[in-house]
Amino acid sequence: MERATYVFDRVYLKGTGTSVGPLEKQGPLGEYFDRDYENNYCGEKNWEAAERRLLSDAIIIAIINSGLKLEDVDLIIAGDLINQNVISNYAMRDFDVPFLGMYGACSTSMQTLLTGSIFINSGMFNNIVVASSSHNATAERQFRYPTEYGGQKPPTMTFTVTGAGAALISSIPSSIKITAATIGRVIDAKQKNPNDMGSAMAPAASDTLIRHFRDLNISPDYYDMIVTGDLSQIGSQVLLDIMEYENYPINKLHHDCGKMIYSEDQKVFAGGSGCACCAVVTFGYIKRLLDTDQIKRALVVATGALLNPMMTLQKETIPCIAHAVAFEKCEVKP
Amino acid sequence: MIYLNAFLVAGTICLLGQLLVDVFKLTPGHVTSYFVVVGALLDSFSLYDRLIDFAGAGALVPITSFGHSLLHGALAKAEEMGFFGIAMGMFDLTASGITSAIIFAFLVAVFFKPKG
Amino acid sequence: MNKNYTEIIKKNQVKPRYLRKSIVAFVTGGLVGVVGQGLSDLYRYVFHLDKNNANSLMTVTLILITAITTGLGIYDTYGQFAGAGAFIPVTGFANSMTSAALESRSEGVTLGIAANMFKLAGSVIVFGVVSAFVLGAIRYLFFH
């Protein structure tokens with residue numbers, strides 16, 4: 001395996017912003033989100049406009065929380081699930097900042113974060129905002145069925161999180177450092193069922209994790225938490241089994257954003273998914289755990305299923321990818 | 001009693017549909033499309049009419065009856081008008097269903113908003 | 001990718017609760033049949049319609065109920081619960097049209113609502129007409 005992990009020495013997490021819908025606010029992590037709405041329209045006229053609002057919120061809150069101003073931001077890197085990344089593209093009309101759009105399906109949060117980190121570590125950028133969003137209705141109507149369709153969803157299906165998460169990363173020191181990142185490669189586990197993306201994505205997550213540990217020559221327990229984006233119930237178990245089989249057991253350390261964001265009695269089948277799943281849990285909850293010293297080191301692996309409905313109808317299997325970013329608490333030098 | 005028959009026949013057809021979705025991993029779109037063909041098939045052997053006599057609405061409510069109605073209308077018109085009656089009469093019995101579905105779907109879409 | 005991973009994935013597959021779903025589909029579907037029969041009898045014996053008109057009106061009534069409950073956002077809850085008990089009866093057909101039209105309203109009336117109405121129900125109509133034509137032609141030509 002070639003080396004795919006990059007170590008940073010001057011990238012800091014300066015501020016984060018999260019904005020979510022009502023179901024996420026009512027979930028177990030509700031108190032960790034900065035902004036929420038009463039319904040998924042978020043005061044807008046249609047679903048796509050609602051998702052743009054969530055994304056804009058997250059970016060603005062991240063900038064405010066960082067103590068910097070919009071003028072200090074050199075670049076915004078953002079992505080979403082909707083065709084041609086229109087949510088991000090159109091939301092950027094309100095921000096006079098150079099922009100790079102990215103697509104990584106549900107791995108977009110860490111894909112944008114690691115890209116921004118590499119840019120900052122190069123010394124050519126000072127402050128970058130990375131952001132991603134997803135919305136239950138925009139994803140349903142694009143990838144699956146109309147939102148009022150009465151079809152029966154199987155228990156393996158995941159529920160797209162309505163929300164957006166953004167982070168401002170900077171060369172200005174803060175108490176949370178982004179120390180390393182591993183860029184994923186496309187892994188096809190020969191799974192054909194789009195209703196069970198967790199199983200398809202788990203091998204990609206394991207590939208990135210193993211390369212991360214091997215490249216840095218560390219064992220999983222270097223971290224206090226290893227958090228996957230949205231493998232949810234079934235995919236998480238597949239990942240644990242694979243990692244044990246490969247002699248890198250992560251059972252005691254593993255958490256999954258898709259499992260954390262909703263509670264048992266919120267009817268969400270196998271758990272949460274979508275770009276926002278990993279984004280809001282990482283930038284809302286994991287960040288707070290680091291801030292308050294409940295953990296010192298966290299590895300977040302966002303997973304993405306890189307399919308669309310046409311590929312499924314053409315009987316293709318589902319290629320997936322996983323990107324990992326390591327966060328560590330550090331001393332702020334005065 | 002026709003109510004019991006209606007319950008049993010409608011229930012059984014739905015049960016078959018559920019098994020096709022669960023065991024054979026077909027989508028509702030697939031299953032309904034195939035069941036319409038089954039309804040037309042049963043009518044071509046004059047069996048569907050007997051099912052309707054036995055179970056009343058239990059045989060009319062499932063989507064299979066749509067296939068039956070299409071074929072039934074087609075053949076009835078063909079009796080009168082010859083071969084091209086098949087095309088002319090096909091929607092005779094299903095017209096009210098399709099028309100009302102279009103009208104109601106349109107009105108609901110105009111006056112309601114999806115809740116997500 | 002390691003071939004053993006496929007085994008691990010297979011091992012973790014969740015088996016759907018076939019029995020429970022089948023029973024629920026049977027009972028809910030059966031109840032829709034009973035309701036249909038009740039409506040048909042109502043139209044025949046209380047409103048004095050003849051049998052064919054009563055049955056047509058029964059279908060129209062079920063379609064109307066489905067369209068309204070879809071618009072109110074409650075049909076999808078029934079559909080998730082009932083499975084085939086919702087999509088096999090004509091209610092499934094009506095819901096597929098209404099939900100598709102409703103979802104596309106943000107794209108306008110013509111190219112949104114109107115153009116997308118048959119997105120999901122189209123296959124049913126195509127299969128129905130094609131099979132009825134073939135069977136009708138066979139029946140007419142060989143058994144007339």
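# Report on a three-chain model

In chain C, 54% of the contacts with a separation of 6 or more are between residues 24 or more positions apart. Two residues are in contact if their C-beta atoms, placed from the backbone, lie within 7 Å. This is a predicted model, in which local features need pLDDT of at least 70 and side-chain atom pairs count only at pLDDT 80 or more, while totals for chains, interfaces and linings use all residues. Residues are numbered from 1 along each chain as its sequence is written, and chains are lettered from A and ligands numbered from 1 in the order in which they are written.

Chain C contains eight helices and zero strands. Both terms refer to DSSP runs numbered from the N terminus: helices are H or I runs of at least four residues, and strands are E runs of at least two. Chain C has a radius of gyration of 21 Å, well over the 15 Å given by the globule rule for 144 residues, so it is more spread out than a compact globule. This radius is taken over C-alpha atoms, and the rule is 2.2 Å times the number of residues to the power 0.38.

Chain A has ten helices and 15 strands. In chain A, 79% of the contacts with a separation of 6 or more join residues 24 or more positions apart.

The table gives the span and buried share of these chains. A residue is buried if 20 or more other C-beta atoms lie within 10 Å of its own, exposed if 12 or fewer, and partly exposed in between, with C-beta atoms placed from the backbone.

| Chain | Span of the C-alpha trace along its principal axes | Buried residues |
|---|---|---|
| Chain A | about 60 × 50 × 35 Å | 59% of 334 residues |
| Chain C | about 70 × 45 × 40 Å | 50% of 144 residues |

**Domains of chain A.** Chain A is divided into domain 1 (5–170) and domain 2 (179–329), with bounds from an automatic or database domain assignment. Taken over C-alpha atoms, the centres of the two domains are 17 Å apart. Their contact involves 49 residues of domain 1 and 57 residues of domain 2. On the domain 1 side, helix 4 of chain A supplies the largest share, seven residues. That side has 26 nonpolar, 20 polar and three charged residues. Here Ala, Val, Leu, Ile, Met, Phe, Trp, Tyr, Cys and Pro count as nonpolar, Asp, Glu, Lys and Arg as charged, and the others, Gly among them, as polar.

**Between chains.** In the pairing of chains B and C, 58 residues of chain B are in contact with 60 residues of chain C. Helix 1 of chain B gives the most to the chain B side, with 17 residues. By class, that side consists of 42 nonpolar, 14 polar and two charged residues.

Between chains A and B, six residues of chain A are in contact with four residues of chain B. The chain A side comprises one nonpolar, four polar and one charged residue.

**One residue of chain B.** B:Gly116 lies in the segment after helix 7 of chain B. B:Gly116 is buried, as 21 other C-beta atoms are within 10 Å. Not counting residues up to four places away in sequence, B:Gly116 touches A:Asn40, A:Asn136, A:Ala137 and A:Thr147.
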